[in-house]
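The exercises below ask you to read a protein model step by step. Try each task with the sequence and the structure in view before you turn to its solution.

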Amino acid sequence: MSMSQEVPMLPDNFDREGFISGLREKHAHILLPSVAMSVDNGWLRLIAAILGEIETCLESHGCLGLARVVRIKEKLAAMRVYVEPISAAVHLPKQLEIELTDIRDKAEQQSMQTCEVCGDPAKVGNYDGCYQTLCRYHRHERLAWLAAGGPGLPSGFAAAHADEIEQAISEYLRTGDLPEQWTARFDHLTGIRHRQAISCAKMSISQIAAERARGDQND
Ligand SMILES: [Zn+2]
């Protein structure tokens, strides 16, 4: 039942989408298809471990199918996994609730020692107001990014990837949000892997879109 203490660094060609769809297939009993994996790659193995533990735990209480994972996210540099009964009418056994809380607490502790980008041993840090758990290498990379001006699209990126930017903007104007697939594509295009960098890039896109929408109204 215990999670591995050693989490080796992910390979450069790590297949995020493949890994996630594997998890969805393997844990379809407990993972709602709508649950987004709103964390960087370094925590995906922790997610794989916790999903396995939750499923085993539910099974051992004869409760598989009665509860499911409804949200996975990062909050204040820790990974949070939320499990809920399938309906308000379902009451889980007290002992099961206790065990599920233990599993979640343990994963949360583990995430605060695991680089969210690469999975190496890490510490929680404050990066310009954004708390994140990063290893020494990614801490330096992040600090260099912030020192270089940080927020916004990398210089020259918008011109070099005009088509993708156009697509993102029209998506934003249509739905008021940027889809997760686009964020992943942006991640790939820029090589910026940090959630903070991605959210700054999203902000740039939404600013460009908002300016454009205003321009259209004035025409
Ligand atoms: Zn790292």
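Two strands are said to pair if DSSP finds at least two bridges between them, and the elements themselves, helices (H or I, at least four residues) and strands (E, at least two), are DSSP runs numbered from the N terminus. Residues are numbered from 1 along each chain as its sequence is written. The model is predicted, so that local features need pLDDT of at least 70 and side-chain atom pairs count only at pLDDT 80 or more, while totals for chains, interfaces and linings use all residues.

**Exercise 1.** Describe how strand E4 and strand E5 pair.

Solution. Begin with the ranges: E4 covers residues 123–127 and E5 covers residues 130–134, and the two strands pair in the antiparallel sense over five bridges.

**Exercise 2.** Compare the reach of helix H4 with its expected span.

Solution. The expected span of a helix is 1.5 Å times one less than its number of residues. Helix H4 (residues 136–147) has 12 residues, and from its first C-alpha to its last it reaches 16 Å, which is close to the 16 Å expected. Just after H4 comes glycine 149, with a positive phi of about 110°.

**Exercise 3.** Why does arginine 24 count as partly exposed?

Solution. First place the residue: arginine 24 lies in helix H1, which covers residues 16–26. Then recall the cut-offs, by which a residue is buried if 20 or more other C-beta atoms, placed from the backbone, lie within 10 Å of its own, exposed if 12 or fewer do, and partly exposed in between. Arginine 24 counts as partly exposed because it has 15 C-beta neighbours inside 10 Å. To complete the picture, take contacts, which join residues whose C-beta atoms, placed from the backbone, lie within 7 Å; leaving aside neighbours within four places in sequence, arginine 24 is in contact with Leu31 and Pro33.

**Exercise 4.** How many helices and strands does the protein have, and how far apart are the centres of its two domains?

Solution. Counting the secondary structure gives eight helices and five strands. The domain bounds, which come from an automatic or database domain assignment, are 16–111 for domain 1 and 151–218 for domain 2. Taken over C-alpha atoms, the centres of domain 1 and domain 2 are separated by 31 Å.

Conventions: Contact = placed C-beta atoms within 7 Å.
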